[in-house]
Amino acid sequence: MKAAVFESFGEPSEVLRIRDVPTPEPGPGEVRVRMIASPINPSDLMVVEGRYGVLPTLPSTPGFEGVGVVDKAGPGLMGRLVVGKRVAVINSKGGNWAEYAVIPWRQARPIAADIPDDQAATFFVNPATALAMVRHVLKVPKGEWLLISAAGSTLGKMIIKLGKHDGFKTLCVVRRSEAKAELVALGADAVISSSEGPVPEQVRAITGGDGPRYALDPVGGEAGTAIFRSLGTGGRLIVYGSLTGQSIEVDPRLVISGRRVVEGFWLGFWMRDRSIPASLLLFREIAALIRNDVLTSEIGASYALDDVVPAVREAAAVGRGGKVLLKLPGSSS
């Protein structure tokens, strides 16, 4: 089969190549999936660059999520139940940028027929992260402000729509002033640009008092530090990424006297603590919110697997429109 492979860490467009590799066989408790499509997420690119929290043994194939049809089950009863079904392919080890992928049967989640392939391909990483952080970890109450950086990202836009649906207010931080109008039109309650002045001052001018109690940051560095300093007394900042690779500066006085909290979130770790019934309920929540156009992904350009190099360049471009998809041979389009 064909797969996108990298043999060393580095710039994705330079180290990724399409290779002919052996078609994998599922072992006990595993299933093989004929892939239809897989998105290019920031986490995928960070793996290839060698900047992700957990890195694979090389050579390796990227791709944490996608959609496909289960074509074979390994030894064991449960995997047979999903053979022939279209599933969200949750690949915690990576490997979905290939014609076939092998995953544990529990990570092959059947997808309803009314959810199209492009949304099924992006069913897990962003929707589950947004829902888990906002509803299950922070539990943002109605009427409260949620401060978010990188608000123009796919995940940021999902959280804006989730805020309108659930009744909390979103205060969005972007780098470019020209990005503000789009987020306001999407439903953001307030949008500020870090290029227009200190973020904490702009935040307090909008929220009043001493700042919001809930915040999310995937950036780190100066952006994450500004988000932390914008928190009000008793505020909680969830850090779920480090796009800059730089540290957040935490003033111990704000932690001690201001009772501000910084905590990390990693979807894979959070999911491991969920029971199977709890995981199924989460997936039903996601499906319902996709149908209601709340957790839908904005889809941009699609590329064939053979065009992985221009695909990763497009995915890394600043200001690109929507999630970039790799369409595999199993796709009907």
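In which loop does Pro 59 lie? In this predicted model, Pro 59 sits in the loop that runs between helix H2 (42-49) and strand E4 (67-73). There is something to look at in the backbone here too: the peptide bond from Leu 58 to Pro 59 is cis, and its omega is near 0 degrees. Another loop residue worth a look is Lys 139, found between H4 and strand E8 (145-148). Lys 139 is not a glycine, yet its phi is positive, at about 50 degrees.

Next come the helices. Two packed helices are described by the angle between their axes and by the distance between those axes. Take helix H4 (residues 125-138) and helix H5 (residues 154-166): they pack at an angle of about 50 degrees, and their axes are 10 Å apart. That angle makes H4 oblique to H5, since angles from 65 to 115 degrees are the ones that count as roughly perpendicular and those under 35 as roughly parallel. The crossing of H4 and H5 is right-handed. On the H4 side, the contact is made by Asn 126, Pro 127, Thr 129, Ala 130, Leu 131, Met 133, Val 134 and Arg 135. Facing them from H5 are Thr 154, Leu 155, Met 158, Ile 159, Leu 162, His 165 and Asp 166. Sorted by class, the residues of this contact of H4 with H5 come out as nine nonpolar, four polar and two charged.

H4 also meets helix H11 (residues 276-291), where the axes come within 10 Å and cross at roughly 110 degrees. That makes H4 roughly perpendicular to H11. Here H4 brings in Pro 127, Ala 128, Leu 131, Arg 135 and His 136, while H11 supplies Leu 282, Glu 285, Ile 286 and Leu 289. Six of the residues in the contact of H4 with H11 are nonpolar, one is polar and two are charged. Pro 127, Leu 131 and Arg 135 of H4 turn up in the contact with H5 and again in the contact with H11.

A further pair is made up of helix H7 (residues 199-207) and helix H8 (residues 221-230), which pack at an angle of about 40 degrees with axes 8 Å apart. H7 passes H8 in a right-handed crossing. From H7, Val 199, Pro 200, Val 203 and Arg 204 meet Ala 226, Arg 229 and Ser 230 of H8. The contact of H7 with H8 divides into four nonpolar residues, one polar and two charged.

E6 gives the most, with five residues. In total, 20 residues line the second largest pocket, and those that lie nearest its centre are Pro 24, Asn 91, Gly 94, Gly 95 and Val 102. As for the make-up of that lining, twelve residues are nonpolar, six are polar and two are charged.

Definitions and conventions. Residues are numbered from 1 along each chain as its sequence is written. This is a predicted model: local features need pLDDT of at least 70, side-chain atom pairs count only at pLDDT 80 or more; totals for chains, interfaces and linings use all residues. Side-chain values use heavy atoms; hydrogens and water are left out. On a 1 Å grid over the protein atoms alone, a cavity is a set of points where a 1.4 Å probe fits but cannot get out, and a pocket is an open set with protein on both sides within 12 Å along at least five of seven lines; lining residues have an atom within 4 Å of a point. Helices (H or I, at least four residues) and strands (E, at least two) are DSSP runs, numbered from the N terminus. Ala, Val, Leu, Ile, Met, Phe, Trp, Tyr, Cys and Pro count as nonpolar, Asp, Glu, Lys and Arg as charged, and the others, Gly among them, as polar. Axes are lines fitted to C-alpha atoms, for helices over the stretch in contact, and angles run from 0 to 180 degrees between N-to-C directions. Angles under 35 degrees count as roughly parallel, over 145 as roughly antiparallel, 65 to 115 as roughly perpendicular and the rest as oblique. A crossing is left-handed if the near helix is turned anticlockwise from the far one by less than a right angle, and right-handed if clockwise. Contact means heavy atoms within 4.5 Å.
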